[in-house]
Amino acid sequence: MSVTQIKFYQVGSFAVGNRLLRDDERSVQSDPDRTNALTSGHRACQGCGEALGARYALDAAMRATGDQLIAVNATGCLEVFSTPYPESSWRVAWLHSLFGNAPAVATGVAAALRAKGNHTTRVVAQGGDGATVDIGLGALSGMFERNDDVLYICYDNEAYMNTGVQRSGATPPAARTATTQSVGDHPGNLFGQGKYLPKIAMAHEIPYVATATIADLRDLEAKVERAMTYHGARYLHILVPCPLGWGSASCDTIKIARLATQSGLFPVFEAVNGEMITSSKIRKKVAVDEYLKLQSRYAHLFSPQRNNEVIDHLQRIADRNIARYELMEE
Amino acid sequence: MLRQVEGSKAVADAVAACKPEVICAYPISPQTHIVEGLSKLVKDGTLQHCEFINVESEFAAMSVAIGASATGARTYTATASQGLLFMAEAIYNASGLGLPIVMTVANRAIGGPINIWNDHSDSMSQRDCGWLQLYAENNQEAADLHIQAYRIAEEMSIPVMVCMDGFILTHAYEQVDIPTTEEVSEFLPPFKPRQVLDPMDPVSIGAMVGPESFTEVKYLAHQRMIDSIAKIEEVADDFEKQFGRKTGGLLRSYRTEGAETIVLALGSVIGTLKDVVDELDLDGYSIGLVGLTSFRPFPFEAVRTALLGAKRVIILEKAFSTGTGGIVTQDVARAIEGLGLEDLTLIAGLGGRPITIASLRSYLVEAMDDQVERLTFLDLETETVTRELVKERALQ
Amino acid sequence: MFQVRIHGRGGQGVVTAAELLAVAVFDERRHAQAFPSFGSERTGAPVVAYCRISDHEIRAREPIMEPDALIIQDSSLIKQIDVFSGLKTGGFVIINSNESAEDLQLATKILVPHTTAILPATELAMIHLGRPVPNAVLLGAFSALTGLVSLQAVTNAIAEKFKPKIAAGNVAAATAAYEYVMNQVAAHA
Amino acid sequence: MDKPYAITLSVGSSLANHTGSWRVEHPEYVDRMPPCNKACPAGENVQNWLYMAEDGSYEQAWRALIKENPFPAIMGRVCYHPCQTVCNRGFLDEAVGINSVERFLGDHALEKGWKIDPPAEETGLAILVIGAGPAGLSAAYHLRRMGHQVVIRDATHSPGGMMRYGIPKYRLPREILDAEINRIREMGIIFQLDTRVDDVHDALEEGFDAVFMSIGAQLSKRTFIPAGESSRILEAIKVLRDFEDGERPLLGRKVVVYGGGNTAMDVARTAKRLGAEDAIIVYRRTRDKAPANDAEMEEALEEGILIKWLSTVKYVGEDNLMIEKMALDETGFPQPTGEFETLEADSLILALGQEVDFSLLGNDVDLDVVSGLMDVDGTMMTSHPGIFAGGDMVDGDRTVTTSIGHGKKAAKYIDAWLNDTKLESKKEKTPVSFEELNTWYYTDAPHAVRERLDATRRVNDFSEIVQGLDESTALYEARRCMSCGNCFECDNCFGVCPDNAIKKLGPGLGFEIDMDYCKGCGICVTECPASAMVMVSDL
């Protein structure tokens with residue numbers, strides 16, 4: 001757990017807040033006066049994980065910067081559902097340019113602020129996995145390499161949801177999308193493809209890289225806050241389940257994110273200057289089945305009967321993560 | 001101060017005098033000397049409070065410019081050829097958001113086949129992107145146009161492309177009078193953005209606009225462009241008042257008074273044409289010249305007026321629309337509708353082919369003698385293409 | 001209008017030579033237009049640069065096809081390309097070489113003695129500059145042979161272009177070249 | 001700022017877009033039945049007072065507690081806490097130490113000297129309570145709260161019944177017992193002690209408007225055992241009672257106790273404390289069949305008491321007795337084996353269970369007794385109108401807590417009977433199950449064990465074995481409560497709504513759904529740790 005454990009039984013370290021906690025021990029989200037950077041009236045699907053992740057991250061960033069924040073947004077679901085004329089759901093200074101250029105646009109914003117001698121306002125760039133690992137990877141890598149003072153946040157829902165759930169470079173193996181084989185001997189995405197951006201980011205040896213999910217709010221907020229203590233390029237990769245694209249119940253969005261971490265399929269960790277420093281330990285380990293079963297994009301792995309070969313393969317990936325990222329307490 | 005300098009250096013100094021706050025660029029010939037010059041000025045402190053960003057592509061260059069401009073910084077970049085195409089998506093976005101970025105296009109051909117030499121096919125390919133396009137006749141004008149461009153861009157909230165012929169101008173050493181920063185400051189007030197990313201007064205820039213409003217957005221962009229016709233003139237006049245020379249503006253006529261034939265051209269070839277026109281005049285031909293500075297917006301009225309009274313207009317173009325012909329020609333034809341003027345198109349200088357006085361002269365003499373096709377490619381190797389055509393058609 | 005064409009190899013400062021000449025002319029309140037042959041040539045390849053000189057504004061931008069003067073920075077080019085193409089009759093020719101016209105096997109019709117100068121510019125450069133860069137040196141010879149631009153203007157241009165140490169070496173070498181050619185001219189007279 | 005048309009928008013303008021119209025169902029906040037409340041024989045609202053204790057509002061918590069049960073300090077010691085057996089936390093790590101928190105609150109209240117306010121107004125009605133045991137005291141307490149005049153009569157000269165005469169000091173110190181009884185006395189309840197009621201009918205004659213009988217089960221069950229002249233056979237409850245009254249019963253060095261219930265344990269342990277070298281319990285069946293509470297049996301064994309399972313006493317001699325080994329038959333019933341063993345024994349104490357002494361029913365036959373127990377209806381009323389009964393004399397598990405529950409229930413119905421009203425019986429609520437909770441959110445926090453006196457030390461005297469919790473530990477224990485089925489303001493719903501459609505109303509006020517924006521995704525319900533929210537259809 002990269003967030004310091006609160007010595008308070010009941011729900012101290014895990015729930016959003018609690019009447020018994022000191023304000024500074026509660027998450028930003030428990031504050032009735034939180035920014036609501038992404039406020040009501042947006043057009044995201046019921047139970048949208050990305051809407052949640054964006055508000056969590058930006059509200060935390062707003063607190064960390066004393067509201068001195070500018071956000072740059074890549075094209076994608078988040079942008080489309082938040083700013084259809086004539087209504088905007090953002091309550092921060094916000095700019096949308098294109099699908100593949102958010103990191104570069106953010107570089108421009110940061111450069112302008114530097115040129116104007118504004119050293120207080122901070123810059124966040126955000127996009128989905130398509131904008132991040134595929135079309136915008138060049139721009140992102142350039143921003144990393146220049147070490148521009150930008151926090152880039154990827155809301156990873158593992159496919160192109162805005163256009164109707166097509167495969168992205170972040171689509172996990174065996175997952176079904178509109179453009180991965182949906183029938184036949186081996187439905188779902190191929191094994192051995194895709195990009196794991198956190199490690200690509202680490203390879204740039206930028207000051208700070210972290211992963212998080214919408215299932216562990218305190219951890220997510222702590223990471224945004226920590227990211228803001230660094231200058232230079234920072235990268236935060238947040239898993240945000242998509243009920244539409246994953247074929248899950250709208251009420252299970254957070255639960256699924258939690259299972260992704262507790263199964264080991266989505267390692268949650270922090271890296272500084274390219275080296276991993278901490279990882280969130282698994283509290284209640286579950287088999288990958290628990291995670292997969294809730295999503296119809298994996299339905300083919302369970303009917304007509306459990307596809308042992310594929311599921312075991314996925315389990316091996318989870319186990320490898322657990323070893324590689326030290327996800328279990330000794 | 002008047003100096004014998006390379007065109008790129010002159011432009012770099014002129015841009016620096018405008019005190020841009022963010023400069024970003026990706027190297028591509030023949031634009032490189034300009035940004036190298038600027039990078040030197042930033043490094044040696046001549047240009048202060050300016051961020052010079054080395055980006056990883058032209059697409060990023062324009063994107064950085066978008067971010068910087070939206071944050072209220074005066075922003076500059078430069079590119080050419082393939083680079084311009086690579087940034088095309090962002091180019092439309094910059095104008096769509098109304099960001100007053102100024103960009104130099106060191107005009108160069110577009111491949112394939114790859115070709116690094118000069119023509120206008122790069123900037124012409126961005127004809128409809130919503131940017132102003134101003135073409136420089138020589139390095140003095142190239143330098144001046146950048147200073148004027150910032151005034152126009154920032155007052156109209158439209159980005160501006162200053163087009164100068166690659167190598168022919170960028171690499172040519174000639175004398176240029178480069179205004180000092182102080183002089184420019186008198187002419188160009190600090191940038192006051194219409195919209196800006198400000199945490200104190202936040203807005204959401206770049207909304208998704210649907211069918212119910214998209215037409216209106218585009219109509220307004222069009223009108224802004226039309227309004228900038230007057231602005232370009234106004235700024236050129238102000239510039240002349242302060243610096244005592246007439247550069248920029250919509251177009252400039254040369255010996256068109258009573259001329260039967262008028263050549264209309266853009267860019268550095270205008271200089272060569274002036275010599276040709278002088279020669280032909282001595283030989284008793286009635287011929288004049290119109291140098292078009294502003295291609296976008298296209299000054300229909302000004303062009304019409306400039307051509308009034310002539311019998312023939314010959315449009316010399318360094319690019320063309322495959323399968324159609326002249327690009328500028330289409331606009332000129334509209335401008336002269338009803339005047340009963342004959343319009344001929346001369347495609348010249350493609351991919352850096354030298355446009356020689358001799359070739360121009362012989363073409364113009366034939367043209368004035370009605371001996372040319374409506375569309376002519378100057379110095380075309382007829383033998384070669386005829387041979388190749390036969391081969392090709394055999395295969396079709 | 002006086003038109004100069006400079007031949008050399010990539011890396012020998014051909015373009016710089018054209019620039020220096022243009023600056024020197026500008027220094028004498030006249031008009032000049034210098035420009036390279038634009039190509040993708042790399043070090044060692046034959047390259048060309050041009051310089052137009054005039055008392056009036058120079059507008060034409062075509063390449064120089066009929067030069068009034070040739071500067072050949074590397075005599076080995078003579079056997080490889082037609083460096084003399086389009087040279088106006090009686091045009092000036094300045095060649096960097098240790099050899100004589102005879103050794104260079106140049107048709108006498110081209111080389112009218114008093115409009116030709118052959119000098120070991122590279123050697124002079126080595127002596128005064130310590131580098132085998134003949135471009136500025138040859139401009140001293142150009143000044144002496146053509147009288148079109150003063151040695152003073154040339155050395156001013158050099159001083160303006162280079163850092164003091166290198167400038168000094170080039171000035172010395174150019175001056176030496178100037179005198180060398182002056183003596184040659186005197187000999188022919 | 002002069003915003004360009006359409007491409008640049010004002011922040012937060014989407015509030016104009018009421019996405020509530022997307023919804024087909026919506027969440028609602030509910031208060032559900034926690035298993036602990038459901039299981040409490042005294043009907044305590046456990047979750048509720050734990051919630052109050054969580055933030056240190058001890059008096060508030062204590063007052064909530066005594067609404068149902070006037071004796072938290074006693075309960076915190078002698079209750080066998082069925083609430084903890086069903087506590088959902090038990091499925092997560094260990095049950096919440098409800099009992100210890102109750103004891104803390106009880107002791108804390110005594111320390112602070114918190115009083116129970118007398119009733120706001122008197123009804124003028126008088127009720128006689130017969131028997132000052134837990135049932136009687138509980139009934140008296142509740143009736144008094146309702147404003148009735150209450151008289152308690154008891155044959156002994158100290159109130160408390162089996163709490164005093166059945167439960168030894170080392171489990172229930174008398175100052176605690178006295179203090180809590182005294183506190184209800186101060187409410188204006190009249191105690192008439194050393195007063196045996198010979199016939200309940202006379203009480204009604206006296207003019208009491210109703211009577212509550214709770215005389216317990218005071219008669220020892222006997223069994224025939226051949227015995228020698230000078231053999232010494234005693235009754236467990238008599239031994240305990242005499243001891244309580246200050247006598248030191250002569251038990252000798254070696255004591256054998258016959259029986260397997262709590263009384264057997266108590267008396268054996270008391271004998272040890274009175275100086276017996278050996279105290280041996282003889283029980284005819286196996287350990288799992290023994291009615292004694294596990295904890296008590298554990299403590300007895302710790303204290304060096306031997307238990308002879310599957311044994312019956314065959315003969316009692318002067319300084320020894322003979323037992324026969326039993327063996328279970330296929331039906332699991334013990335059968336004699338003919339194997340005998342002799343135990344040294346100076347005395348044999350019988351702890352074979354108790355029976356009710358019905359003498360106070362008098363000669364009238366209008367009070368039905370069924371199989372040795374007082375017969376009462378669902379309102380605790382006997383077959384005689386106005387006469388109610390509860391505690392050990394009616395059917396029940398004969399624990400203090402159950403009796404207290406009886407007293408409370410009887411009081412409620414007596415009051416209703418007096419006012420001639422019928423009480424709606426509340427429909428049974430199914431308690432929140434462990435599966436319905438989202439236990440992810442609860443911090444791992446194992447049960448805080450109460451300190452216990454070392455076995456070797458405790459047999460020397462009658463000082464209390466189980467120590468209380470200090471405040472911090474009690475607080476810790478209270479905060480282990482998962483608040484099953486009831487909101488405890490963890491802010492989860494407020495935080496996890498993707499549409500900011502939940503309003504936080506401030507401390508103690510909970511939350512409210514903003515129907516203008518709630519899209520009905522249901523995340524708040526899934527992520528509610530306590531299962532205090534449900535989805536409700538809009539159709």
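User: How many of the 396 residues of chain B count as buried, and what makes a residue buried?

Analyst: In this predicted model, 57% of the 396 residues of chain B count as buried.

User: What makes the radius of gyration of chain B agree with that of a compact globule?

Analyst: A compact globule with 396 residues would have a radius of gyration near 21 Å, and chain B has 21 Å, so the two agree. The C-alpha atoms of chain B fill a box of roughly 70 × 50 × 40 Å along the principal axes, and the secondary structure of this chain comes to 14 helices and 16 strands.

User: Which share of the contacts in chain B joins residues at least 24 apart?

Analyst: Counting contacts in chain B between residues at least 6 apart in sequence, 80% join residues at least 24 apart.

User: Why is chain C called as compact as a globular protein of that length?

Analyst: Chain C holds 5 helices and 6 strands, and along the sequence they follow the pattern β-α-β-β-β-β-β-α-α-α-α. The radius of gyration of chain C is 15 Å, close to the 16 Å that the globule rule gives for 189 residues, and therefore chain C is as compact as a globular protein of that length. The box filled by the C-alpha atoms of chain C is roughly 40 × 40 × 35 Å, taken along the principal axes. Buried residues make up 48% of the 189 residues in chain C, and residues 24 or more positions apart account for 62% of the contacts with a separation of 6 or more.

User: Why are helices α7 and α17 of chain D called oblique to each other?

Analyst: Helix α7 (residues 98-112) of chain D and helix α17 (residues 471-478) of chain D pack at an angle of about 135 degrees, with their axes 9 Å apart. Angles over 145 degrees count as roughly antiparallel and those from 65 to 115 as roughly perpendicular, and α7(D) and α17(D) are therefore oblique to each other. Their crossing is left-handed, and the contact is made by D:Ser100, D:Val101 and D:Phe104 of α7(D) together with D:Ala474, D:Glu477 and D:Ala478 of α17(D).

User: Into which domains is chain D divided, and how far apart do the C-alpha centres of domain 1 and domain 4 lie?

Analyst: Chain D is divided into domain 1 (13-31 + 487-537), domain 2 (35-114 + 437-478), domain 3 (126-218 + 356-418) and domain 4 (220-354). The C-alpha centres of domain 1 and domain 4 of chain D lie 62 Å apart.

Key
Residues are numbered from 1 along each chain as its sequence is written. Chains are lettered from A and ligands numbered from 1 in the order in which they are written. This is a predicted model: local features need pLDDT of at least 70, side-chain atom pairs count only at pLDDT 80 or more; totals for chains, interfaces and linings use all residues. Domain bounds come from an automatic or database domain assignment. Helices (H or I, at least four residues) and strands (E, at least two) are DSSP runs, numbered from the N terminus. The radius of gyration is taken over C-alpha atoms; the globule rule is 2.2 Å times the number of residues to the power 0.38. A residue is buried if 20 or more other C-beta atoms lie within 10 Å of its own, exposed if 12 or fewer, and partly exposed in between; C-beta atoms are placed from the backbone. Two residues are in contact if their C-beta atoms, placed from the backbone, lie within 7 Å. Axes are lines fitted to C-alpha atoms, for helices over the stretch in contact, and angles run from 0 to 180 degrees between N-to-C directions. Angles under 35 degrees count as roughly parallel, over 145 as roughly antiparallel, 65 to 115 as roughly perpendicular and the rest as oblique. A crossing is left-handed if the near helix is turned anticlockwise from the far one by less than a right angle, and right-handed if clockwise.
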